[in-house]
Amino acid sequence: MPNVKLENVSKFFGNIRALEGINLEIKDSEYVVLLGPSGCGKTTLLKIIAGVWEPTSGKVYIDGKDVTNLPPEDRNIGFVFQNYALFPHLNVFDNTIYGPVIRGKDSEESRRNAREMLHLVRLAARHDAFPAELSGGMQQRLAVARALTTGSSLLFLDEPLLALDAKIGEEVRSEMRKMIKDLKLTAIHVTHDQEEAMVVADRIVVMRRGRVEQVGSPEEIYRNPANLFVAHFLGDANFIEAAAVDYGACCKLKMLRWEMEFPKVESGAYVAVVRPEKVEVGDGGAEGIVKNFRFLGGVSYVEVGIGDESVISRFPSGREYELGERVCVCFKPEDVKLFKYPDEGLKEALRVD
Amino acid sequence: MGGTDRLASGKPVEVVFYSVVILFFLLLVFAPILYILLRGCPDSSAVCLPSLYITKEMSDALFNSFSIAFMAVVLDIIFGIPIAWVIARYKTKLKVYLNFLVDMPLIMPTAALGFSVALFWGGEGIGLLSKGFWMILAVHVAFTYPYIVRTLSAAIEEVDITYEMASRTLGSSPLTAFRTITLPLFKSGLLIAALLVFTRSLSETGATMMAVGSGQFFAATAPVQTLLYRDSNNLPAAVTLSIILIAVSTLLLALVRYLANRFGIPMVKVYPSFERYLNNLRLEKNVFAFAFFIAIILLPSFYLLRFVSYSSGEFGRIMDSIGVSFLIAFAATVVNLIFGVGMALLIGRNKYGIGPLFEFLTDMVIVMPTIALGLSLGLFWNLFRLDELLVLAMVHVSLSYPYIVKPVAASIRELDRNLEDAARVLGATPFKVFTTITLPLIMPSILAGAVMAFMRSLSETGATMAVSTTFKTIPVLIIDFVKANRYGDAAFASALLLIVSFIAAYLLRRK
């Protein structure tokens, strides 16, 4: 049963530190997503676990065995490449059975196995087509089938939905998760799309600039982001500059020309993170002017300017606002995540690249 | 300004332009080559068909030609693929050095190269081979090797490396991945490289002359035998052999073009453990290929530099020959630049749907043995009683023409048409688009083509010997020296030519 462990993995390309001291454990039949902006090192990490690249330092364990110096062909893995890398000169069936054939296991059993796999991804009818003749969604499914026909139960997916149209990608990702769960596979999936990560993952590893920022279930990470960057990258959030003032038993949080009672924290400068769905527009709270209003179908959002800051509220569609309307916004203390004001400045702390 | 642009962009101007380009090619480059087929012999008073009787001498020469060409192709591919793979796939400094080293024998005129290789293997060098069949093979392997490595590395580079990685994650060793994935994907590149080398070997004269033995060791390839016939005024025999060579080359070309997209390399058989074992021998470090490259190609190619000695009073003659060579090469290159780029446009854009036809005809010129080409052209142009220097120049125009057309046509084909459309939308006339967008973008390949055409003309021997009587280009002079056993002078002339070529190539490339 495959589990993966990384110990202090680093990768340098010349002077560029692509990965620094990554420690990570992935349990058997867990669906883990490596999430981060482009250039954060997530694909590098995936390729190191798969053995396509070697780490500069650190160790990689699969099934408790040290595989750091093992070439990819000896790791018994399945890998779905970003552009699928379907062999253009082989037809659907030959692509699928390539793994067993190349290991000298071209038996009746492996052929049956390959046919079953094609059946599973609904490509059995197209077994003699060539990759160029398939639609994007079919190519993606073929890539998954090919990776799984090796009999591996450890699957690597490198941005597997990037090449698909948005709508098809949405269908494929749910379908893919269901199949991976049904087959009880361990999957490591790389993406920069936070929504995709939330939909498929058991656990998300948020990465930035070659480091792991936070590991947790989608809900944990959304509700309890470890820092400002994670709060910013996963879901939408208001970042409001705030000051905490000690009043003995409790303290007061001053922000947006408004203040609220707050459980005791050290006095100082903070950033208050509030999800838009937790912001209410109504009576009381901070007063401001409607700067923007959009109807998005099931929900609407309104942006309220207060001084030179603005706060966004998202709510089930119903009420509409006029530009320039005077309104009040408020939120509850338990919906506020408080972070120390970053030394490098708020903008820098949130920067995605 | 706008008026002239518009006029130059008009349909009639385009038609006139392409007509001139096509006429130039057909009348001045192509027709003279085929003249030999129409008129079997030079005596204009009678149409004497070439004798269809093939002597033992001829069939021996043909047999030698084909077996040597075949063996050279096989050796080149076996030892060329690993080096080509390193050049295409490695990103280290090694790649840069290898690139340079592999190109070096190309700069060497084939006559000088053949001379050098013959010296290396023969009694003056390590004494392993004496002149004759095997010596000719050694010479041919040396001068064809750079062609195959160049072509193959370009073909390998075009295959996305992700395919190899995908194959490895599916469980194949690097060697198996290369054999089952990369090799089939660049098979047409392989086939074309093989054809190029085969026909180059089939048509080579200058270098081969250096390795032709005597007495019981005598072995000549078909082009050399043709030249010997011509020198002994046995023209019908020379013409017969030429026609056979032209027919065979054309047939091969047609066959390869037909096969290129059809034949497959079967991948079904796999020997995982054996290939893994091979792979673990670290053959990807290419020890054998490197050893082969250095010992069989590089060392022999430049061995002659050991023999350079300056003998009295020949300096003037050598400089005269170099002058003639450069004059002819320069004139041929300039003429071809003017008309060849037009042909490249026609082929690359497939104008009027006749692109493929002219591509095939241009390829025919490449694969045609230069001795046959020279013989035919000589017969043709002497009809008009032209000055010898002019005939020589026309011969060189014909033989270097494809070397400009091919790379330029390829780069025109690869050009992103959106760029030109963007320029049109921004208000440029087609003529302006050509001068401001297309031309600057294909300039590197025009320059590369010009360098190749120039070099090809500079090192050409067979065709020159077929027509020249008084004017001697430098390769011809080198052969004269060798025939007179004046090895020092031959080495000196070769070295001098090498230096001049090197400087010329360097200057051209820097632009």
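User: How far apart are the axes of α17(B) and α18(B), and at what angle do they pack?
Analyst: Helix α17 (residues 370–382) of chain B packs against helix α18 (residues 388–414) of chain B at an angle of about 135 degrees, and their axes are 10 Å apart. That makes α17(B) oblique to α18(B), where under 35 degrees would be roughly parallel, over 145 roughly antiparallel, 65 to 115 roughly perpendicular, and the rest is oblique. This is a predicted model, in which local features need pLDDT of at least 70 and side-chain atom pairs count only at pLDDT 80 or more, while totals for chains, interfaces and linings use all residues; side-chain values use heavy atoms, without hydrogens and water. Residues are numbered from 1 along each chain as its sequence is written, with chains lettered from A and ligands numbered from 1 in the order in which they are written.

User: Is the crossing of α17(B) and α18(B) left-handed or right-handed, and which residues make the contact?
Analyst: The crossing is right-handed, meaning that the near helix is turned clockwise from the far one by less than a right angle, anticlockwise being left-handed. From α17(B) the contact (heavy atoms within 4.5 Å) takes B:Leu373, B:Gly374, B:Leu377, B:Gly378, B:Trp381 and B:Asn382, and from α18(B) it takes B:Val391, B:Met394, B:Val395, B:Ser398 and B:Leu399. By class, the contact of α17(B) with α18(B) has seven nonpolar, four polar and no charged residues, with Gly counted as polar.

User: OK, and what about α15(B) and α16(B), how do they cross?
Analyst: α15(B) passes α16(B) in a left-handed crossing. On the α15(B) side the contact is made by B:Met343, B:Leu346 and B:Ile347, and on the α16(B) side by B:Gly355, B:Phe358, B:Glu359 and B:Thr362. Those residues of α15(B) and α16(B) divide into four nonpolar, two polar and one charged. The angle between helix α15 (residues 315–349) of chain B and helix α16 (residues 355–367) of chain B is about 130 degrees (on a scale from 0 to 180 degrees between N-to-C directions), and their axes are 7 Å apart.

User: Switching to chain A, what's the strand order in the five-strand sheet?
Analyst: The order of this open sheet is β15-β19-β16-β17-β18 (chain A), and the pairing is antiparallel, two strands counting as paired if DSSP finds at least two bridges between them. Its edge strands, β15 (280–282) and β18 of chain A, each pair on one side only. From one strand to the next, the twist averages 45 degrees.

User: How many bridges does β17(A) make with β18(A), and how many with β16(A)?
Analyst: Strand β17 (residues 299–306) of chain A pairs with strand β18 (residues 309–316) of chain A over eight bridges in the antiparallel sense, and A:Val304 stands opposite A:Val311 in β18(A). These two strands form a hairpin with two residues between them, and A:Gly307 in the turn has a positive phi of about 60 degrees. Six bridges join strand β16 (residues 286–295) of chain A to β17(A), also antiparallel, and A:Gly305 in β17(A) is the bridge partner of A:Ile289.

User: And the six-strand sheet, which strands are at its edges?
Analyst: That open sheet runs β6-β7-β8-β3-β9-β10 (chain A) with mixed pairing, and its edge strands are β6 (78–80) and β10 (211–216) of chain A. Neighbouring strands are turned by 15 degrees against each other on average, direction ignored. Strand β9 (residues 203–208) of chain A pairs with β10(A) in the antiparallel sense over five bridges, with A:Val205 opposite A:Val215.

User: Last one, how many aromatic pairs over all chains?
Analyst: The count comes to 18, for rings of Phe, Tyr and Trp (its six-membered ring) with centres within 6.5 Å, stacked if the planes are under 30 degrees apart, edge-to-face if over 60, and otherwise tilted. The rings of A:Phe229 and A:Phe233 have centres 5.6 Å apart and planes at 15 degrees, so this pair is stacked.

Conventions:
Helices (H or I, at least four residues) and strands (E, at least two) are DSSP runs, numbered from the N terminus.
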